[in-house]
Amino acid sequence: MTNHHPICGSHFSAKTLRSLAKKGLFLASATWVPGLDGTYANGETAYLLSDGRMLSFLQVLKEAA
């Protein structure tokens, strides 16, 4: 995979996407995961990276830094 998923990529700045790509990581997909209380009402978006990890928005930003 050499490109970020277009919908996932729209959630992040070009700078963040470039930083991930330089590290060989690409956004493959996104899904909605339950929150800490176990309900989807308080859930958040999780992003699947090309290395198989699912990360939250802030974790993706930290990975790109």
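First, the ground rules. The model is predicted, so local features need pLDDT of at least 70 and side-chain atom pairs count only at pLDDT 80 or more, while totals for chains, interfaces and linings use all residues. Residues are numbered from 1 along each chain as its sequence is written, and side-chain values use heavy atoms, with hydrogens and water left out.

I start with the sheet. Three strands make an open sheet, ordered β1-β2-β3, with antiparallel pairing. Strands here are DSSP runs of E, at least two residues, and helices are runs of H or I, at least four residues, numbered from the N terminus. Two strands pair if DSSP finds at least two bridges between them. At the edges sit β1 (27–33) and β3 (54–56), each of which pairs on one side only. Direction ignored, neighbouring strands are turned by 35° against each other on average.

Now the pairings one by one. β1 and β2 are joined antiparallel over 6 bridges, and Leu27 has Leu49 in β2 as its bridge partner. Between β2 (residues 44–49) and β3 there are 3 bridges, also antiparallel. Leu48 is opposite Met54 in β3. The hairpin of β2 and β3 has 4 residues between the strands, and Gly52 there has a positive phi near 95°.

What does the loop between β1 and β2 contain? Asn42 is found there. Leaving out neighbours within four places in sequence, Asn42 is in contact (heavy atoms within 4.5 Å) with Gly35 and Asp37. The Asn42 and Asp37 side chains make a polar contact at 2.7 Å. That term means a pair of N or O atoms within 3.5 Å; within protein, one must be able to donate a hydrogen and the other to accept it, and residues adjacent in sequence count only if both atoms are side-chain atoms.

On to the helices. α3 lies across β1, β2 and β3, at about 100° to β3. Angles run from 0 to 180 degrees between N-to-C directions, with axes fitted to C-alpha atoms, for helices over the stretch in contact. Helix α2 (residues 14–22) packs against helix α3 (residues 57–64) at about 60°, with the axes 8 Å apart. The two are therefore oblique to each other; under 35 degrees is roughly parallel, over 145 roughly antiparallel, 65 to 115 roughly perpendicular, and the rest oblique. On the α2 side, Thr16, Ser19 and Leu20 meet Val60, Leu61, Glu63 and Ala64 in α3.
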